[in-house]
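Hello,

Here is the structure you asked for, sequence included. My notes follow below it.

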Amino acid sequence: MSQLVVMGNTSLKGEIKASGSKNSVLPILAATVMIEEPVVIKNVPELRDVQTMISILQQIGKTVSFENETVTVMPGEILVGNVPYELVKKMRASFNIIGPLTMICGWAKVGKPGGCNIGQRPVDFHLKGLEAFGFRITEEHGDVMAVIPNSFEKEIVYALPFPSVGATEQLMTTAALMEGSTITIENAAREPEISDLQNFLNACGAQIAGASTPTIKITGVRNLHGSEYSVIPDRIETGTYLLGTIATKGDVKIHGTRSDHLISLLSILEEMGAGIEKGQDYLHAFWKGPLKPVRISSEPYPGFPTDLQPIITAVLATVEGTSVIEENVFENRFGYVDELNRMGARIKVSSSHANICGVDKLSGAEVVAPDIRAGAALVIAGLAADGETIINNVTHLFRGYERFQEKLRTLGAKITFYPDEE
Ligand code: UD1
């Protein structure tokens with residue numbers, strides 16, 4: 001099993017550059033299925049999840065190259081509407097391919113994603129939305145089969161029961177090619193990645209308006225054309241390094257980032273008493289004395305991001321007083337708390353709340369990373385702790401953080417990956 005060994009009592013100090021957003025590039029790559037001209041996507045992070053999406057595009061018949069942070073997707077001669085579960089199970093965002101693929105092939109069969117370590121994560125909103133668009137959806141042997149209708153209604157309105165990021169992306173992308181139809185998605189997710197997808201699709205000729213508000217309107221067009229597009233910086237990666245800096249009493253500047261995408265985190269950090277400097281395209285975090293405990297609720301954007309919930313918990317574990325975290329997006333996102341408690345944290349979870357009673361110092365221990373963000377939280381806890389922390393099952397981290405060890409080492413971390421370097 002893969003392991004990271006992290007030496008404690010390390011302050012992160014220095015400068016790094018933010019990578020491109022994983023959660024932006026995945027739905028953008030899925031959308032390229034609908035574009036029958038070359039598409040060039042820049043600022044793409046080298047991550048396992050990006051490789052998985054590229055493998056899916058290749059499997060259905062696209063020719064794809066990836067070098068120097070640039071992915072080029074060339075049109076395939078014949079696209080196959082079949083994506084096996086083998087590929088979907090590696091990454092849930094693979095399911096975002098079903099709508100675009102159905103638009104191009106007339107049908108698509110895609111493995112249905114199972115649950116994961118942070119919750120059940122069904123895809124019912126994706127499927128109900130596609131049904132509202134007129135698609136015929138059936139399920140058999142663990143696959144979802146979608147078939148395009150003969151024609152689309154002129155006016156379609158679908159209200160999401162919850163502002164799901166993935167379902168908003170799926171439906172917005174699919175609708176882009178529904179010529180003759182005007183589609184309204186209500187209660188849409190407002191994450192910056194939704195605006196990035198809208199901007200990408202519009203750069204390819206789509207007519208979409210309203211991303212970053214709860215109502216997105218799409219006027220379907222006949223074709224999308226090729227374009228060159230650069231994805232936004234990864235706000236969750238930036239947030240992770242800002243929190244790592246504060247947890248380790250460090251001083252780090254992150255270049256090429258967007259503070260307007262991190263408003264809720266930055267206001268919490270200021271409330272805690274952390275030093276934050278917001279530049280034109282950088283963020284600078286620094287320790288300026290003891291931190292204060294806080295109450296945080298994770299919410300859909302613009303609320304506090306659920307993906308940073310485990311990471312801020314690792315910081316609050318050593319903040320004097322009692323902090324409270326409420327998780328409102330996923331039902332099972334405190335699975336890592338027992339691992340932090342093995343390191344000496346005093347955190348009690350009851351249903352969707354965690355009560356964190358700050359201790360002076362954590363102590364290095366052997367722990368297991370249940371998912372990407374929890375893995376990052378344990379690394380940060382290990383950097384701040386006394387002694388050595390061994391984190392098992394860390395391959396998750398390479399799904400979500402580009403050059404994770406390299407960036408941490410640039411900031412002074414002593415960190416080793418076993419069995420081999422990534
Ligand atoms: C995306 C992000 C993930 C982030 C999450 C919430 C990507 C690749 N991943 O995941 O990092 O943690 O947004 O910000 O962008 N739900 C349903 N039915 C559905 C869809 C969702 O019940 O059909 C529920 C989920 O179980 C969850 C909530 O809605 O409780 C939010 O999920 P969603 O916003 O869809 O997350 P993802 O798009 O999977």
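Y401 is buried, with a relative accessible area of 2%, and F404 is buried too, at 3%. Buried means under 20% relative accessible area, exposed means over 50%, and partly exposed is in between (1.4 Å probe, protein chains only). This is a predicted model: local features need pLDDT of at least 70, side-chain atom pairs count only at pLDDT 80 or more, and totals for chains, interfaces and linings use all residues. Residues are numbered from 1 along each chain as its sequence is written, and side-chain values use heavy atoms, with hydrogens and water left out.

Aromatic pairs

There are 5 aromatic pairs in the structure. Rings of Phe, Tyr and Trp (its six-membered ring) pair if their centres lie within 6.5 Å; planes under 30 degrees apart count as stacked, over 60 as edge-to-face and the rest as tilted. The ring centres of F200 and Y229 are 5.7 Å apart and the planes are at 70°, so this pair is edge-to-face. F200 sits in helix α7 (residues 192–203) and Y229 in strand β14 (residues 228–230), 29 residues apart, and the pair links these distant parts of the chain. Helices (H or I, at least four residues) and strands (E, at least two) are DSSP runs, numbered from the N terminus. Both F200 and Y229 are buried. Y401 and F404 form a tilted pair, 5.1 Å centre to centre with 45° between the planes. Ring pairs join Y241, Y401 and F404 into a cluster.

The ligand

The ligand is surrounded by 17 residues, and the closest are D124, S164, G166, D307 and V329. A residue counts as near if one of its heavy atoms lies within 4 Å. Domain 1 (3–14 + 234–418) and domain 2 (24–230) both give residues to this shell, so the ligand lies between them. The domain bounds come from an automatic or database domain assignment. Helices α5 (124–132) and α6 (165–175) each supply at least two shell residues, and α5 gives the largest share, 3 residues.

Oxygen atoms of the ligand lie 2.5 Å from a backbone N or O atom of V329, 2.6 Å from a polar side-chain atom of D307 and 2.8 Å from a polar backbone atom of V165. The protein covers 84% of the 740 Å² of accessible area that the ligand has on its own (Shrake-Rupley method, 1.4 Å probe).

Helix α6

In α6, 9 of its 11 residues are buried, among them A167, E169 and L171.

Regards

Definitions and conventions:
A polar contact is a pair of N or O atoms within 3.5 Å; within protein, one must be able to donate a hydrogen and the other to accept it, and residues adjacent in sequence count only if both atoms are side-chain atoms.
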